[in-house]
Amino acid sequence: SEPRERRKIKILLEGVGRFFRSLSVGLFVSVDYWWTSNLTLRGIDESSPAYVAEISACHQRAADSMVKGAVHNGGIYIKLGQGLCAFNHLLPPEYVRTLQVLEDKALNRRYKEVDALFKEDFGKNPNQIFRQFDYEPIAAASLAQVHKAELHDGTSVAVKVQYIDLRDRFDGDIRTLEILLDIVKFMHPTFGFRWVLKDLKGTLAQELDFENEARNSERCAEELKHFKFVVVPKVFWEYTSKRVLTAEFCEGCKVNNVEEIKRQGLSLKDASDKLIRTFAEQIFYTGFIHADPHPGNVLVRRGADKKAELVLLDHGLYEYLSQRERVSLCKLWRAIVLRDEEAMKKYSSALGVKEYLIFCEMLLQRPINMGELGLSNILSREETSYMRDMAVNRFESIMQVLKSMPRPMLLVFRNINTVRSINIALGAPVDRYFVMAKSAVRGWGKIQADRPGIIPRLWVFIWLRTAWESLKFECALRSEMAMMRATRSLVNLLSYLGLLSLDQDIYDYLR
């Protein structure tokens, strides 16, 4: 139709603008860092206040420029910015604070655009389909905006409406990013991320199909139905298309909103534990994994039992791990927590990775000391510095690990790291490594029990073996935790008696 043709011409012209805007942002950031590092800070000691202040200002300028470009470009650019937010232990704090605004950033489109999309998909305006429809969006997504509406029977629903031009501009935006990554690789040969975008292109395209998202949400609800604290909004198919998704409206606060969770009388520990167990169940057992669980996609509300319920939203981006990959991942996670180096090598190799220690540190997003069994959820200054230095100094090894592991693991990493980030935001009230390791052991047992052709008598032996493995794991960890508690008590006693002073590093450890 004529309006669609005009829209395609407009998209083409705007695509040129997005390309040059992205190019200018990249050049500005590159030149700014080069100028600051090689001219402004030449000869200045890296530990001096002047150096720290100047490099911090440079980080802030870069972050501001990236956010401004992402907001102007919209769509996939905002989604990529949201993905960076989870790496808060690798990125400078200026990036983390600034990029967080993208988690709730919406490109608020005019109501005429919403009407035009509904007419194209349903042949009617929203007010003809719903009893009430609020044109002012109540929430943001990188690819769509969410409106509150009411069905004719009085049911409150959330209507997710895709930006009308997004499907038409998707290929052009992907091509723009590919060209920019080619330019970056030419300037910095070791920085080759084009293959990542190529692998994710098909998965990201699925996010533009809201009917696929609706099917994903129903599958998620079915596979997690044994978790009574998990709520997946019901889909209303008669009001759903490839660009419009209508689902049950659910109240709740963002999972990292500490004050609101407390205001509801809920436990931060309970909310964090349920969050970790939910996504660990997907990673280690079902294999159907929500790849975008950022705080805006997980709500917390008070359930009927007066405890925390989790509302899972935005099911557009999912990844699937095969049973073989899940078994290897279950055993690898258990091996990491127990510091079983031979098993770490074996199961990393089963996942195609030779650099097992780097792979395990990337998986847990923390340093691994083979001489210590404990894993603190809060990184010390030295550990944070180690991870940032590793990202810079061992970049080529990291790239090799990323290229050699199964492709679905890229989004699994994103899931694990996002959950890690949320747990930290809640004050790390739960031992994430221990909870996930227990889920890994149980997941492995369930996979064995679900194998086809297992006769009842053999199933009993598999159950006994799983129970034995779980018991061994619990005993090993609990004995180590008891040793750690005894150490903490001794240090606190010595401090109380004035025989030992607690510096910041010891305090961080005790926390």
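1. At 17% relative accessibility, Gln264 counts as buried, a word that here means under 20% relative accessible area, with over 50% called exposed and anything in between partly exposed (1.4 Å probe, protein chains only). Gln264 is found in the loop between helix H10 (258-263) and helix H11, where helices (H or I, at least four residues) and strands (E, at least two) are DSSP runs, numbered from the N terminus. Leaving aside residues up to four places away in sequence, Gln264 touches Cys253, Val300, Arg301 and Arg302, a contact being heavy atoms within 4.5 Å.

2. A word on the basis of this note: the model is predicted, local features need pLDDT of at least 70, side-chain atom pairs count only at pLDDT 80 or more, and totals for chains, interfaces and linings use all residues. Residues are numbered from 1 along each chain as its sequence is written, and side-chain values use heavy atoms, with hydrogens and water left out.

3. Strand S3 (144-150) has six of its seven residues buried, so it is largely enclosed by the rest of the structure. S3 pairs with S4 in the antiparallel sense over seven bridges, and the bridge partner of His147 in S4 is Val159. S1 and S3 also pair in the antiparallel sense, over two bridges, with Gln132 standing opposite Glu150 in S3. In the hairpin of S3 and S4, which has five residues between the strands, Gly154 takes a positive phi near 95°.

4. In helix H5, the buried residues are Val114, Asp115, Leu117 and Phe118. They cover an arc of only 165° around the axis, which puts them on the same side of H5, the arc being that of the directions from the helix axis to the C-beta atoms. What covers these residues includes helix H6 (126-129) and the strands S1 (132-133), S3, S4 (156-162) and S6 (244-248). Just after H5, Gly123 takes a positive phi of about 75°.

5. The aromatic pairs come to 11, under the rule that rings of Phe, Tyr and Trp (its six-membered ring) pair if their centres lie within 6.5 Å, with planes under 30 degrees apart counted as stacked, over 60 as edge-to-face and the rest as tilted. The rings of Phe227 and Phe229 have centres 5.1 Å apart and planes at 20°, so the pair is stacked. Phe359 and Phe413 also form a stacked pair, at 6.0 Å centre to centre and 25° between the planes. This pair links distant parts of the chain, with Phe359 in helix H14 (residues 356-364) and Phe413 in helix H17 (residues 409-425), 54 residues apart, and both are buried.

Note on methods
Two strands pair if DSSP finds at least two bridges between them.
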